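Dear colleague,

I am handing over the structure we spoke about, with the sequence alongside. Please keep it open while you read, as my notes follow below.

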Amino acid sequence: MTIKGWESKYREILKDFGYSRKKDTQSCKLLDSLLPKKIRIAEIKDLIEKKPVFVVGAGPSLPSSISILKKHKKITKIVADGATKAIIENGLKPDIVVTDLDGDIKSLKKAGRTNTIMVVHAHGDNSEKIHFVKNFKNCIGTTQTKPMGRVRNFGGFTDGDRCVFLASSFKAKKIILLGMDFGTRIGKYSKITVANRNIKIAKLRRGKKLLEWLAPKSESELYSTTKIKGFAKINLRSIDNIITRN
């Protein structure tokens with residue numbers, strides 16, 4: 001179910017970034033036509049509900065977080081697009097990948113051949129890439145406009161904040177953000193090419209604002225290694241205690 005109040009946030013995104021609702025809808029329809037008849041919603045619920053989860057972003061702090069992820073391999077990892085490459089390079093397996101297909105396609109295909117659940121987002125600017133879902137063993141679709149058919153809308157704008165909206169929607173007990181920096185530096189795993197740095201930074205800022213909007217609505221405990229209103233600010237050394245604490 002789409003989070004209450006999302007439509008107003010979506011209208012703001014359309015206005016501020018000049019996006020087209022019509023194109024978003026067309027891309028959503030295309031994605032729905034390519035998805036398998038049975039989508040793995042129950043499996044996502046099993047991975048997230050009442051459990052601690054890591055949300056792994058592709059920000060510049062990601063490399064310093066790898067040791068934590070290796071130490072806690074059994075914790076569900078929800079990985080944002082570009083961060084998939086870093087996770088795979090370090091011998092780890094993402095449980096869920098949230099992607100609009102802008103990241104390293106080779107890494108996404110590799111993850112998609114396993115039991116990793118690929119959460120593919122359709123928007124007006126990526127319709128030419130939607131056919132990549134055919135390469136994924138386990139796939140569900142998301143949209144930022146009105147959901148249809150097998151395509152859902154859990155809320156969120158960038159890959160990173162959509163990971164958090166997803167985890168919150170499925171009622172994770174604790175959501176711990178790693179590699180989610182929302183600053184002016186763009187991580188090397190963030191995107192293959194950044195056509196417009198200013199737009200990229202504006203998107204990151206919007207993603208942070210959306211998380212701050214989500215925070216008071218969420219039933220999950222929220223933690224972040226960077227400052228986000230409504231999230232408890234933590235450091236890497238404190239994560240062991242957060243995970244084990246009831």
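How are α1 and α8 oriented to each other, roughly parallel or roughly antiparallel? Please bear in mind throughout that this is a predicted model. The axes of helix α1 (residues 6-17) and helix α8 (residues 197-214) cross at roughly 165° and come within 12 Å. Angles over 145 degrees count as roughly antiparallel, and α1 and α8 are therefore roughly antiparallel to each other. Their crossing is right-handed. On the α1 side the contact is made by W6, K9, E12, I13, D16 and F17, and on the α8 side by I199, A202, K203, R206, L210 and W213. Sorted by class, this contact of α1 with α8 has 7 nonpolar and 5 charged residues, and no polar ones.

Turning to the sheet, you will find an open arrangement of 9 strands with parallel pairing, in the order β6-β5-β4-β3-β2-β1-β7-β8-β9. The edge strands are β6 (151-152) and β9 (232-233), each of which pairs on one side only. Towards the β9 end, β7 and β8 pair in the parallel sense over 4 bridges, while β8 (residues 221-224) and β9 pair in the parallel sense over 2 bridges.

Helix α3 (residues 41-48) lies across β1 (52-56), β2 (76-80), β3 (96-99), β4 (117-122), β5 (138-143) and β6, and runs at about 115° to β4. In helix α4 (residues 62-71), the buried residues are L62, S65, I66, I68 and L69, and these buried residues pack against the strands β1, β2 and β7 (174-178) as well as the helices α5 (83-89) and α9 (239-244).

Finally, which residues of α7 are buried? Helix α7 (residues 159-169) is mostly covered, with 10 of its 11 residues buried, and these are D159, G160, D161, R162, C163, V164, F165, L166, A167 and S168. Just after α7, the backbone at K171 takes a positive phi of about 60°.

With kind regards

Technical notes
Residues are numbered from 1 along each chain as its sequence is written. This is a predicted model: local features need pLDDT of at least 70, side-chain atom pairs count only at pLDDT 80 or more; totals for chains, interfaces and linings use all residues. Side-chain values use heavy atoms; hydrogens and water are left out. Two strands pair if DSSP finds at least two bridges between them. Contact means heavy atoms within 4.5 Å. Axes are lines fitted to C-alpha atoms, for helices over the stretch in contact, and angles run from 0 to 180 degrees between N-to-C directions. Angles under 35 degrees count as roughly parallel, over 145 as roughly antiparallel, 65 to 115 as roughly perpendicular and the rest as oblique. A crossing is left-handed if the near helix is turned anticlockwise from the far one by less than a right angle, and right-handed if clockwise. Ala, Val, Leu, Ile, Met, Phe, Trp, Tyr, Cys and Pro count as nonpolar, Asp, Glu, Lys and Arg as charged, and the others, Gly among them, as polar. Buried means under 20% relative accessible area, exposed over 50%, partly exposed in between (1.4 Å probe, protein chains only).
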